[in-house]
Structure formats: C-alpha cells, structure tokens
Amino acid sequence: MSLALVNVPATARRGESFEIKTLVSHRMETGFRPGSTGALVPRDIIQRFTCTYGGAVVFDLALSPAVAANPLIAFMVRAIDSGPIVLRWTGDNGFSLERTVSITVEA
C-alpha cells in the first residue's frame, strides 16, 4: 500500500511563490539487488511524478533506480488562480497514485 503526504498552503497571494512538498511511501527496488535465492529482485520504482495546477503541468520529474525509497519532492509554484493542484506518481508494475488538493488565491 502506498501513501502520499502533500503539503500545500491553503491560501496564497496572487503572484506569490509557494512551496509544494510531497512524500510518497513506496517500497523501491532497483532491480540490481540479489534476493535470498541469489536471483535479482525485480525492479519496482516510481518512474514519473507530475504536478498540474489549473490544468497546466507545472512540474514534471523522471525518476531512476537510484532514487531513494519514499522520495521527498519539494518545488516552488507561482500563485495565479484558485483551483486544483493534482499530483500524480506512476511506476513499474502498474503503480499509479494521484492526490488532489486545492489552493485559494487572494488578490
């Protein structure tokens, strides 16, 4: 089971930059580590993270097997309009997780 923690301010002033932080719980396997039988443990990583704000992609990140388990991602976005912020993680073995939060932009 995967869990995503998302930290986005409830409000921001128009034109102001605000930080989005997210931590996703995911058991990452690089595909390079031998298991108890000596065979390689199959790769199981988050491959991509995207964030849309008001329908536009504002952050897009490709991940590799070198990423840590439970990756913390933080980035800045400029407040334009009130609306949804959608965070999406996709990965190996059909992994997909999506969280939606809203922000209210004040004049």
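Modeller: Happy to! Let's begin with exposure: a residue is buried under 20% relative accessible area, exposed over 50%, and partly exposed in between, using a 1.4 Å probe and protein chains only. N70 has 36% relative accessibility, so it counts as partly exposed. N93 reaches 65%, so N93 counts as exposed. Of the 107 residues of the protein, 35% count as buried.

Colleague: Before we go on, what kind of model is this, and how are residues numbered?

Modeller: This is a predicted model, where local features need pLDDT of at least 70 and side-chain atom pairs count only at pLDDT 80 or more, while totals for chains, interfaces and linings use all residues. Residues are numbered from 1 along each chain as its sequence is written, and side-chain values use heavy atoms, leaving out hydrogens and water.

Colleague: Thanks! How many helices and strands does the protein have?

Modeller: Both are read from DSSP runs, numbered from the N terminus: helices are H or I with at least four residues, and strands are E with at least two. Here there are zero helices and eight strands. From the N terminus on, the order is β-β-β-β-β-β-β-β.

Colleague: Where do N70 and N93 sit among those strands?

Modeller: N70 is in the loop between β5 (56–62) and β6 (72–78). N93 lies in the loop between β7 (83–91) and β8 (96–106). Look at their backbone too: N70 has a positive phi of about 55° although it is not a glycine, and N93 has a positive phi of about 60°, again without being a glycine.

Colleague: Which way do the side chains of a strand point?

Modeller: In a regular strand they alternate between the two faces of the sheet.

Colleague: Which strand is joined to β6 by seven bridges?

Modeller: Two strands pair if DSSP finds at least two bridges between them. Strand β3 (residues 17–25) is joined to β6 by seven bridges, and the two run antiparallel. Within this pairing, L23 stands opposite L72 in β6.

Colleague: How many aromatic pairs does the structure hold?

Modeller: Rings of Phe, Tyr and Trp (its six-membered ring) pair if their centres lie within 6.5 Å; planes under 30 degrees apart count as stacked, over 60 as edge-to-face and the rest as tilted. The structure holds five such pairs. In one of them, the ring centres of F18 and Y53 are 6.1 Å apart with planes at 90°, so this pair is edge-to-face. It links distant parts of the chain, with F18 in strand β3 and Y53 in strand β4 (residues 46–53), 35 residues apart. Both F18 and Y53 are buried.

Colleague: And how are the rings of F59 and F75 arranged?

Modeller: Their centres are 4.1 Å apart and their planes at 10°, so that pair is stacked. F59 belongs to strand β5 and F75 to strand β6, 16 residues apart. F59 has 23% relative accessibility and therefore counts as partly exposed, whereas F75 is buried, with a relative accessible area of 6%. Together, F49, F59, F75 and W89 form one aromatic cluster.

Colleague: Lastly, what box do the C-alpha atoms fill?

Modeller: Taken along the principal axes, the box is roughly 60 × 20 × 20 Å.
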